[in-house]
Amino acid sequence: MDTRTLPAQTRINGVSFNATPGQRPVLVDGTTTIVGLFQKRCAELGNRTAHREKDFGIWKTYSWADYWQHAKWIGLALRKLGLQRGGVVSILSEDRKEWAYFDMGIQAVGGIASGVYTTDSANQLKYLVNDSDSRFLIVENEEQLDKFMQIEGEVPGLLNVIILEDEGLHDLDHPRCLMIDRLYEIGRQAERDEPDAFEAEIALARPEDVALLIYTSGTTGMPKGAMLTHENIMAAIEAGAHRLPTLPEDEQLCFLPLCHILERDVSIYFPLASKSTVNFAESPETVFANLQEVSPATFTAVPRVWEKIYSQVLIMAQEATPAGRAAFGMALKAGMKRAEYLIENKPVPAGVAANFWFWDRLVLRNLRRMLGMDKMRRGGTGAAPISPALLKWYWSIGVPLVEGYGMTETAGIATINTPEENRIGTIGKVVPGIEVRIADGGEIQVKGLNTFKGYWRNNEKTAETYTADGWLRTGDIGRVDAEGYVTITGRLKDIIITAGGKNITPAEIESRLKFSHYISDAVIIGDKRKYLTCLIMIDQENVEKFAQDRKVPFSNFASLCAAQEVKDLIAAEVAAVNKEFARVEQIKDFRLIDVLLTAEDEELTATMKLKRSFVEKKHAHLIEDMY
Amino acid sequence: MSEAILKIRNIESFYGPIMAIRGVSLEVRPGQIVSILGANGAGKTTLMKTISGVMDPEKGTITFDGEEIQGSEPHKVVQKGIVHVPEGREVFPLLTVDENLSLGAYTATDKAQIERDRELVFSYFPILKERRGQEAGTLSGGQQQMLAIGRGLMANPRIMLLDEPSLGLSPLLVQEIFAILKRLNEEQNMTMMLVEQNASAALNLAHHGYVMEVGRIVMDGSAQALMASEDIQNFYLGVQEEGARENRRWKRKKTWR
């Protein structure tokens with residue numbers, strides 16, 4: 001690289017970045033590609049801990065040297081087995097250190113990593129493998145392997161399947177399958193044969209090369225693979241360093257799917273720059289216990305997780321002794337008072353601070369310790385709207401929780417609030433290096449080095465996503481205030497035009513509904529209809545608690561949804577939301593979805609959001625019932 | 001259908017700080033056999049104990065024949081016509097079969113009625129008549145189970161709570177005892193609530209079933225509907241799902257639909 005043209009540098013928490021964000025080449029500690037940064041970090045950090053994973057109940061540590069060595073074997077072995085630069089490898093596994101090893105190993109030899117949700121069916125897997133033209137498939141265990149077995153004959157492009165856990169598969173003898181240990185062996189041999197090949201491959205990487213494919217959940221039509229380049233991710237890392245400072249000694253907890261850009265950024269790419277330690281949760285079910293054990297410095301989750309923690313605390317408080325309950329109430333009040341100032345970023349008056357100090361010592365500190373939030377400097381939420389009241393509640397118990405916004409196509413980051421610059425109810429200011437504008441029709445559009453290269457083998461969709469002057473159309477509608485805080489009000493393609501010709505953005509009404517503790521998600525119906533109606537998914541835990549307290553009998557989830565008292569409860573919540581909207585935007589009727597949906601159901605995204613089109617199709621009878 | 005004789009509403013029961021039943025509601029109609037399925041620790045036995053008064057619920061109501069009985073003393077509950085045949089039989093080992101049966105009639109005063117009941121028990125369990133002078137502890141497991149059920153019948157109950165009658169018995173004996181339970185239900189119109197691990201035996205006998213998991217009911221329906229459910233087949237009836245591979249070990253997640 002010609003040193004004369006290198007942009008001026010600045011240091012953030014010990015890492016050097018371009019002094020002017022958004023400038024080319026995007027430099028992070030002098031590197032321009034993910035794998036270049038990976039190589040640099042592994043070399044300088046060596047035996048320092050990179051990852052922790054729980055093995056038979058004990059947290060074990062894995063170093064940056066392990067990271068490097070395994071990624072190297074993986075990269076060289078895949079290359080040996082036939083992976084070429086630009087070839088795709090699909091990863092079908094829960095979060096674990098090998099996910100990161102593969103991500104780096106694949107990219108280092110010029111491959112493209114593509115994640116598949118473990119909740120996807122065999123059919124979805126077939127589509128993803130074929131659409132991405134994957135050469136290799138990484139499966140976590142026998143359960144995931146069986147998905148491949150079901151579609152074995154229909155994925156001709158696949159050379160090999162690599163299995164991470166051999167439990168129950170010792171007698172597996174399949175020409176296309178091999179165990180991870182065998183892959184490492186091949187890698188070890190390749191390393192002996194060509195000791196410098198891995199480093200040579202890394203040097204070939206260019207910022208504009210595609211590094212990963214992320215399939216977007218696709219509420220309409222089949223999923224599309226968004227191509228993200230090294231530069232896109234480096235720009236996201238740069239933006240993250242400015243707005244989400246993370247320190248080398250920070251502990252993090254990784255539990256959202258790594259197929260999703262949010263967790264991928266936070267747990268794989270950002271730590272490459274920040275040198276923080278990533279702890280992998282044992283399973284999605286043990287997150288709360290793991291959170292307590294790890295007590296991370298920063299924690300990023302989706303609103304559902306924050307809601308769950310809140311509900312648990314509330315239930316715990318209700319079941320405490322009267323004295324404990326009173327103390328909790330007082331502490332919360334003291335916290336709320338202080339939060340009012342903190343949120344506005346105003347100095348906290350001495351009296352309020354002293355009062356808080358007292359209740360913090362007595363109650364809140366213990367609460368945070370119990371939740372595993374005693375060391376939390378910053379909590380993050382994204383991927384779905386969160387209730388302002390909930391954000392405030394976290395601030396009042398002493399957890400600075402901020403909301404951000406991003407999408408796969410912006411490499412996961414676009415705007416964000418920070419504990420210092422925070423406006424609740426907005427998604428924050430645009431991150432450094434990225435520009436935002438509101439187009440005609442209210443669409444939020446962004447421009448920056450983080451915006452993706454396009455959809456994999458789908459130029460038509462790519463063209464639809466970019467404007468003629470090169471801005472990315474987010475598809476979200478919103479506004480920017482005078483100070484630069486962005487607020488989202490809806491989704492462009494979800495706009496409902498009622499039979500009366502009125503345009504309505506359902507997202508606004510839906511998020512208001514979701515802010516109720518009893519409603520976990522809602523879908524507004526009304527396109528080409530006389531009036532608006534709504535399908536509602538209740539929050540099982542809170543509604544069960546309500547029914548239990550009111551002595552409303554129920555046996556299973558369906559009977560809970562059928563109980564008149566529960567219907568009345570939700571009707572009251574709907575009525576409260578209706579008051580905030582104009583007449584034509586009011587919900588005339590609703591139905592409860594009386595099956596307990598799981599991530600395996602096609603109506604839900606992996607982050608547990610309802611997918612409009614699927615919900616409308618699957619529950620058509622409920623909808624027709626309302627008209 | 002007739003009004004439920006036993007109605008349980010939002011019951012919560014604790015062992016110290018541990019909540020063993022987290023809000024259970026269910027109904028038993030006269031003449032019906034209702035079966036409760038669930039793994040160890042699901043709270044089935046706790047539910048039985050809560051109904052029979054051995055444990056007091058923290059919350060919720062139990063209505064028997066229109067009268068609230070939650071928290072009543074066990075002997076009061078027996079007098080109302082609810083008999084609990086406990087898990088593991090618990091016959092008095094040093095007393096004879098006859099004496100055990102007499103203890104079952106503890107709440108009865110009419111001597112002639114007691115003798116009629118005894119004959120009824122012997123008509124269903126002839127082996128007990130043969131062994132009437134023998135100490136109960138010397139009976140086989142199956143015979144002890146029969147004695148425990150017989151002892152329950154001696155109280156002339158309106159509903160029997162049977163806690164795992166198949167426990168530790170050979171398949172043949174399970175069949176035999178369940179056949180007798182079926183006859184008791186058909187001929188005497190005996191209402192029963194049956195807790196079982198042996199799901200296939202229980203669903204074959206019962207009219208209606210509830211599935212409990214960690215203190216909650218996760219599914220309920222007619223016995224046929226439950227037997228047809230994929231979750232029940234996989235997790236309770238031991239049906240192996242068709243896999244893509246032989247030797248499949250993993251199980252899909254339960255959805256309870």
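Select strands β7 and β8 (residues 160–163) of chain A, which run parallel and are joined by four bridges; strands here are DSSP E runs of at least two residues, helices are H or I runs of at least four, both numbered from the N terminus, and two strands count as paired if DSSP finds at least two bridges between them. This is a predicted model, in which local features need pLDDT of at least 70 and side-chain atom pairs count only at pLDDT 80 or more, while totals for chains, interfaces and linings use all residues. Residues are numbered from 1 along each chain as its sequence is written, and chains are lettered from A and ligands numbered from 1 in the order in which they are written.

Within this pair, show L137(A), which stands opposite V161(A) in β8(A). Then follow the chain from β7(A) through helix α5 (residues 142–151) of chain A to β8(A), a β-α-β crossover that is right-handed, meaning that, with the strands pointing away from the viewer, the path from the first strand over the helix to the second runs clockwise.

Is β7(A) mostly covered or mostly open? Strand β7 (residues 134–139) of chain A is mostly covered, with six of its six residues buried, where buried requires 20 or more other C-beta atoms within 10 Å of the residue's own, exposed means 12 or fewer, partly exposed lies in between, and C-beta atoms are placed from the backbone.

Now move to the open sheet of four strands in chain A, ordered β19-β20-β22-β23 with antiparallel pairing. Its edge strands are β19 (434–438) and β23 (486–491) of chain A, each pairing on one side only. From one strand to the next the twist averages 50°, with axes fitted as lines to C-alpha atoms (for helices, over the stretch in contact) and angles running from 0 to 180 degrees between N-to-C directions. Select strand β22 (residues 472–480) of chain A together with β23(A) to see an antiparallel pair joined by five bridges, in which D476(A) has R491(A) of β23(A) as its bridge partner.

Finally, display the whole of chain A, which has 21 helices and 28 strands. Its radius of gyration is 25 Å, close to the 25 Å that the globule rule gives for 627 residues, so chain A is as compact as a globular protein of that length; the radius is taken over C-alpha atoms, and the rule is 2.2 Å times the number of residues to the power 0.38. Of the 627 residues of chain A, 50% count as buried.
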